[in-house]
Amino acid sequence: MACSAYHSKPKGNTVNPARSRIRVFWDEENDVYVPILAGEHTPVECNSRYIVTINDKEYGECSFCRSSCPSRDLFKEPDSGIALKCDVCGEPMPDGGPMCVQWCANGALTYAPQRTEQIELPEEEVEEEVEEL
C-alpha cells in the first residue's frame, strides 16, 4: 500500500495495491518472506509453467516472476496496462530508504544498497577457492 500511495499523483492521494511495484509472499513453513520487485517488461510470454508448492499451497511459477508480460496483470497499471518497474522510490531516494521498507510493519523488508567496492582476498584464500572448484 505504501508503494502505491507513494507513486500516486499527487503523492499519497490513492492507495491501490494493484499499482504496487512489490509483492510479498510468506512461506509459512519456513517463516520467510519473499519480496518480488517489479522488473523489466517483456513483450512475450515465457514457456515455463512450473508449480511451486509451499506448505501444501501451490503457486504458479509466474507468482515469483518479476517481469510484466502479456500472460498476467501483475506489475501493470490497472487502468492503462502500462508496465510498472520498481524504481526504489525514485531519485533521490527518500530518507530512510524505499517506502515499502519504511512502512513494513513486520520488518520483513530491508534495504541494502548494492555493493560496488571490490574486495580483495589474501592470496592463500584465493588459491584455496580455486582448488575447491
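How do the residues of the lining of the largest cavity divide into nonpolar, polar and charged?

Author: The model is a predicted one, in which local features need pLDDT of at least 70 and side-chain atom pairs count only at pLDDT 80 or more, while totals for chains, interfaces and linings use all residues. Residues are numbered from 1 along each chain as its sequence is written, and side-chain values use heavy atoms, with hydrogens and water left out.

The lining of the largest cavity divides into eight nonpolar residues, one polar and two charged. In this classification Ala, Val, Leu, Ile, Met, Phe, Trp, Tyr, Cys and Pro are nonpolar, Asp, Glu, Lys and Arg are charged, and the others, Gly among them, are polar. The lining residues are Cys3, His7, Arg21, Ile22, Leu37, Cys86, Asp87, Val88, Cys89, Pro98 and Cys100. About 60 Å³ of space lies in this cavity, and the structure holds one cavity of 30 Å³ or more. On a 1 Å grid over the protein atoms alone, a cavity is a set of points where a 1.4 Å probe fits but cannot get out; a pocket is an open set with protein on both sides within 12 Å along at least five of seven lines, and lining residues have an atom within 4 Å of a point. Grid points are joined across faces, edges and corners, and a volume is the space filled by probe spheres set on the points.

Open space may be considered next. The second largest pocket holds about 160 Å³. Its lining consists of Ile22, Pro35, Leu37, Cys86, Val88, Pro98, Cys100, Val101, Leu109, Thr110 and Tyr111. By class, these are ten nonpolar residues, one polar and no charged.

The largest pocket contains about 410 Å³ of space. Of the 19 residues that line it, Met1, Ala2, Ile22, Val24 and Leu109 lie nearest its centre. Two or more lining residues come from each of α1 (2-6), β1 and α2, and β1 gives the largest share, with five residues. The lining comprises 16 nonpolar residues, two polar and one charged.

Strand β1 (residues 22-27) also contains Arg23. Arg23 counts as buried because its relative accessibility is 17%, where buried means under 20% relative accessible area, exposed over 50%, and partly exposed in between (1.4 Å probe, protein chains only). Leaving aside residues up to four places away in sequence, Arg23 touches Pro17, Ala18, Val34, Pro35, Ile36, Leu74 and Phe75, a contact being heavy atoms within 4.5 Å. The side chain of Arg23 reaches the backbone oxygen of Pro17 at 3.5 Å. Val34 is eleven residues from Arg23 in sequence, with 8.3 Å between the two C-alpha atoms.

Beyond four places in sequence, the contacts of Lys76 include Ala18, Ser68, Gly81 and Leu84.

Notes. Helices (H or I, at least four residues) and strands (E, at least two) are DSSP runs, numbered from the N terminus. A polar contact is a pair of N or O atoms within 3.5 Å; within protein, one must be able to donate a hydrogen and the other to accept it, and residues adjacent in sequence count only if both atoms are side-chain atoms.
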